[in-house]
Amino acid sequence: MRAHAIDGKRYWNDAPRPWLDLAEDSTLSRLVGRPVKRFRSCHSDAPPLVWMHGGGWSIGSISTHHAVFAELSQFCRRDVIALHPRQAPEHPYPAPVKNVAALLVALRGPFHLVGDSAGANLALGGLAC
């Protein structure tokens, strides 16, 4: 199901975005123990958007939401920081919430926390930890 979710969005995710600066944030990835990517379309001093992706707790990923993160970064002129938390069924609740909480602690600074679908639930759960 995960591979199908990525393949189904390939048309949008593989579109050229010459303005996009995309990198794995190795410092945050190391601190959190999970993949964290930073989508940057400009260099702004505005606080980043920290986005928790949706996907039914098990099939969404940074890869399925690549186009959303990239376009949001361009539109809002901010960095978008995306975490790929552990997923069910291999890692049931509260594992993904703990990943989000670890990211929020590691960020140290102002940010705006957002998410879609299951990701919105993770964002709120991470704040509560």
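In which sense do S1 and S2 pair, and over how many bridges? S1 and S2 pair in the antiparallel sense, over four bridges; two strands count as paired if DSSP finds at least two bridges between them. The model is predicted: local features need pLDDT of at least 70, side-chain atom pairs count only at pLDDT 80 or more, and totals for chains, interfaces and linings use all residues. Residues are numbered from 1 along each chain as its sequence is written, and side-chain values use heavy atoms, with hydrogens and water left out.

**Overall architecture**

- The chain holds six helices and five strands, where helices (H or I, at least four residues) and strands (E, at least two) are DSSP runs numbered from the N terminus.
- From the N terminus on, the order of elements is α-α-β-α-β-β-α-β-α-β-α.
- The radius of gyration, taken over C-alpha atoms, is 14 Å, close to the 14 Å of the globule rule for 129 residues, so the chain is as compact as a globular protein of that length. The globule rule is 2.2 Å times the number of residues to the power 0.38.
- Of the 129 residues, 43% count as buried, that is, under 20% relative accessible area with a 1.4 Å probe, protein chains only.

**The sheet**

- The five strands form an open sheet in the order S1-S2-S4-S3-S5, with mixed pairing.
- S1 and strand S5 (112–115) stand at the edges with a single partner strand each, so one side of each lacks a neighbour in the sheet.
- On average, neighbouring strands of this sheet are turned by 20° against each other, direction ignored; axes are lines fitted to C-alpha atoms, for helices over the stretch in contact, and angles run from 0 to 180 degrees between N-to-C directions.
- S3 and S4 run parallel and are joined by four bridges; Met52 has Leu83 in S4 as its bridge partner.

**Helices against the sheet**

- In helix H4 (residues 66–76), the buried residues are His66, Ala67, Phe69, Ala70, Leu72 and Ser73.
- These buried residues pack against helix H2 (10–13) and strands S1 (21–24), S2 (36–40), S3 (49–52) and S4 (80–83), contact meaning heavy atoms within 4.5 Å.
- Arg77 follows H4 and has a positive phi, near 55°.
- Helix H6 (residues 118–128) lies across S3 and S5 and runs at about 140° to S5.

Definitions and conventions. Buried means under 20% relative accessible area, exposed over 50%, partly exposed in between (1.4 Å probe, protein chains only).
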